[in-house]
Every structure is written in structure tokens, then in C-alpha cells.
Amino acid sequence: MSGITRFALSASWVVPVEPEGVVLKDHSVVIEQDRIVEILPTTELDQRYPGIATESLDGHALLPGLINMHAHSAMTLMRGLADDLQLSVWLNDHIWPAEQRWMGPEYVHDGTQLAVLEYLRGGITLFNDNYFFPDVTAAVTSQSGMRACIGLPVINFPTVWAQNTDEYFARGLEVHQAFKGEQLISTAFAPHAPYSVDNDSFLRIRKLAEEMDVPIHLHLLETAGEIADSERDYGLKPLARMQQLNLLDTRLLAVHMTALNDADIETVARHGVNVVHCPESNLKLASGICPVAKLIAAGVNVSVGTDGAASNNDLDLLGEIRTAALLAKGFSGDPEAVPASAALAMITINAARALGMEAQLGSLLPGKQADICAIDLSAPETQPIHNVISHLVYATSRQQVQHVWVAGRRLLKNREPLTLDVDEIVSNARSWQKRVGKNHASKAAG
Ligand SMILES: [Zn+2]
């Protein structure tokens with residue numbers, strides 16, 4: 001058996017997520033190479049695996065690595081640059097001009113590294129990204145050892161990444177080819193939004209996504225204002241337009257979905273569209289509220305994303321599901337809506353299902369990839385422990401994430417990253433603060 005890495009993690013609790021609501025007390029997860037081979041009571045470990053290398057994680061809960069379903073990772077460098085504004089003003093007057101000025105490979109490299117560090121320290125092992133220079137995002141992620149689904153951006157206006165639609169497609173396909181076969185990296189088409197992408201581009205994406213068998217990651221119905229604009233420009237509401245373009249199916253990751261009526265919810269459910277809920281970004285920009293309780297009742301697969309750090313402003317999925325669960329209750333008037341176990345499913349198995357990766361990721365089961373985070377519940381803030389899943393959703397801080405493994409490789413140990421240089425990442429962020437902040441301040445004053 002030499003050459004095969006096999007080890008066990010023995011924890012006070014294992015929360016496999018599948019079946020939903022289950023907590024296994026004093027269990028061990030046995031990992032061989034990149035996979036989970038067995039989950040068993042710790043009392044049986046020695047007998048089944050004599051002499052196995054074991055790490056005891058007393059007071060910890062093990063759960064699947066968390067999956068952030070909507071990210072613009074490099075936007076960490078614009079965290080706090082422009083707050084408390086309407087989406088159109090925020091984008092047109094602040095974010096897009098700053099991106100025009102600063103975006104490039106170095107910016108995306110430094111911003112993504114900062115995001116990856118924040119993800120790992122928050123228990124996140126996979127993010128679904130949509131940003132320019134996806135080649136740089138993919139390379140940074142791959143070097144860190146974590147996973148990403150890298151969006152191939154398409155938008156009908158020029159940026160430093162691509163001058164025109166053909167160039168967006170050509171460069172996107174190059175990135176897809178370059179990272180094909182990498183275990184930790186997958187790709188998706190990432191058309192920006194119905195108001196910024198034309199019908200020809202959507203049809204091209206539809207055809208290519210099918211050929212390449214990749215998801216389509218799209219901002220859809222972020223605000224009610226999108227509907228009137230779409231009726232003016234296309235004579236159709238955005239959802240009806242997407243339906244006419246044959247885009248509504250299980251491949252679609254529809255992000256935001258705030259302006260939905262009951263008929264829309266029925267349409268979304270019937271076509272198997274995956275909804276990605278970004279509660280904190282929607283609240284901060286006052287974009288609207290996604291009717292999560294109704295979507296779940298209709299059988300829609302709902303997952304959760306942080307959105308970019310410029311509109312959230314943290315990349316904290318534990319915080320995000322707490323907001324999602326509370327908002328669903330308040331908005332529906334039903335305290336039973338989105339119970340803790342359902343909230344936890346949104347950042348694990350539902351997310352994996354949306355990406356078509358549920359056979360490998362999203363829960364702790366034998367045969368699945370060993371993407372695991374260990375959360376220390378022994379802190380006073382999470383005592384006493386009547387219910388582990390309740391604590392994870394309603395009381396635990398991401399600061400309690402202690403260790404993270406991706407594909408069986410340890411990436412975070414006692415909150416310290418093993419593949420990233422914290423000092424260098426923070427120093428790079430500070431240097432961008434001087435450049436971006438100074439320019440932005442003088443512009444705002446003028
Ligand atoms: Zn977004």
C-alpha cells in the first residue's frame with residue numbers, strides 16, 4: 001500500500017448534509033488520496049484501519065466544503081469603494097469606471113488571491129466566478145489548491161479583456177481549452193445580464209454550452225427595473241425572452257431572481273432552472289427580494305452566493321445563509337420557511353447539484369471528493385450545543401473555521417493557509433488601496 005495517502009479525521013460531530021438533518025456524533029472520516037472512503041464511529045476506527053494516521057478534532061464539526069455560487073472574486077479590491085448607492089449609479093458611476101481604469105491581469109491576480117484567502121478562512125472550497133481575465137482567476141485558484149468554476153465572460157461592450165463580442169467568445173474558448181482536464185477547475189459561460197447581452201450572443205452561448213456541456217451563469221432579474229427596459233427593447237419580459245431563446249433549463253444558473261411573480265416561479269420550476277440567491281447583495285443595493293420559500297416549495301434548486309465584495313461587503317457564506325434563512329422567514333411570514341438544515345444544503349449539496357457536480361461534491365459520502373471544513377464549536381459563543389446544525393446556521397462565526405481540505409489536501413491549518421502568503425496578499429491589497437482609492441476620491445470630488 002506504499003504511495004497511497006490514507007488518513008482519518010475524528011471529530012465530535014460529522015454533518016454529512018446527505019441525508020438532510022443528520023448529525024453523526026463521534027465519527028471519523030477516512031480519506032484515501034483525494035476521496036472519502038468511509039465514515040464510521042470513531043470507536044471502530046482502530047479495528048477497521050489499524051495504525052491509520054488520525055487527527056483528533058475534539059469539539060469540532062466536520063462538514064462538506066462550502067460552495068459560493070456567485071462571485072466576482074477580484075472585486076475584493078473594490079470592497080468599500082462605493083457604498084449606499086442604487087445599483088445603476090453604483091455600476092455606471094463607480095464600479096465600471098474604476099474597472100475601466102484599473103482592471104488587468106495584475107489587478108485580477110491580486111484581487112483573486114485576496115478572495116481565495118478569505119474563502120478558505122471561511123470554509124469555502126469552491127467558488128463560481130464571473131469576471132474578466134478568467135485565465136488569471138483560474139491560474140491563481142489552481143495554484144492555491146482550491147476549486148473554481150470559472151466564468152467565461154460575455155458582455156456587449158468593450159473592456160480591456162475583449163474589444164468586441166467575437167473576441168469575448170474567442171478568448172473565453174481559449175481559457176476553456178487551457179484548463180480542460182484540470183481536476184480543480186471547470187468552466188461556465190457567464191453572459192453578464194439580459195440588458196447587456198444581445199440575442200445573437202445568447203444563441204451562440206446556448207449552442208456552445210451544450211456542445212461543451214458547461215453551465216450558463218447569468219445575472220437575471222436583479223431589479224424590477226430590468227422588466228420595463230426589456231419590454232421597451234425586446235417587447236418581452238426578461239424571463240420570457242430567455243424562454244424564447246431556449247435558455248431556461250437545468251444548465252442555467254439564474255442569479256438574483258428578485259422580481260418573480262407566481263407564474264414566473266412556476267415557469268422556473270417547470271424548466272428546472274437553478275436559482276442562485278444573493279441575499280446580502282440584494283439587500284444592500286435594495287434590488288428586491290428573491291422569494292426563496294416559494295421557489296423551494298415549487299421544487300426549485302436554490303443555492304447561495306456572496307456576489308462580489310464591492311456589494312456585500314464580505315465573502316462569508318455562513319453569514320450569508322443566516323441572512324438567507326432569516327430573510328426567507330420574514331419575507332414569507334412563515335418561521336418554518338428555510339429551516340437550518342435547508343439553509344446548510346444551499347451552500348453545499350444544492351450548489352453542487354446546480355453545477356452538475358453532485359456525484360463528486362456537496363456532501364460527505366464514501367466515494368465523494370474529500371472537500372471538508374472543520375469548524376470549532378467549543379467557543380463560548382456556541383455553547384451549549386443542543387443542536388449542531390442550528391449552531392452552524394444561527395450562531396457560528398466564520399472565525400471558527402479552523403481547517404480546510406480540498407481533494408484530500410490540507411489548505412488551511414488552525415486558520416493559517418498552507419498554500420498562500422498572507423503578508424504578501426495583504427501588502428498587495430494595500431498597494432491597490434493607494435492607487436484605486438486616490439484616483440476614485442479625486443474623481444468623486446471633481
Ligand atoms: Zn453579480
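The model is a predicted one. The interface also holds 2 salt bridges, and the two domains bury about 1,100 Å² between them.

**Domain layout**
- The domain assignment divides the chain into domain 1, made of residues 6-64 and 369-414, and domain 2, made of residues 66-266.
- The contact draws on 15 residues of domain 1 and 13 residues of domain 2.
- Taken over C-alpha atoms, the centres of domain 1 and domain 2 lie 33 Å apart.

**Buried area**
- Carbon and sulfur atoms account for 57% of the area buried between domain 1 and domain 2.
- On the side of domain 1, the residues that lose the most area to domain 2 are Arg 398, Val 406 and Leu 411, which together make up 37% of what that side buries.

**Charged pairing**
- A salt bridge joins the side chains of Arg 398 and Glu 118, with an N to O distance of 3.0 Å.

**The side of domain 1 that touches domain 2**
- At least two residues of this side come from each of strand 4 (53-64), strand 14 (401-406) and strand 15 (409-413).
- Strand 14 gives the largest share, with 4 residues.
- Sorted by class, this side of domain 1 comprises 10 nonpolar residues, 4 charged residues and 1 polar residue.

Key. Residues numbered from 1 in each chain as written. Predicted model: local features only at pLDDT ≥ 70, side-chain atom pairs only at ≥ 80, totals over all residues. Heavy atoms only, no water. Domains from an automatic or database assignment. Contact = heavy atoms within 4.5 Å. Buried area = accessible area lost by both parts, 1.4 Å probe. Salt bridge = Lys/Arg side-chain N within 4 Å of Asp/Glu carboxyl O. Nonpolar A, V, L, I, M, F, W, Y, C, P; charged D, E, K, R; others polar.
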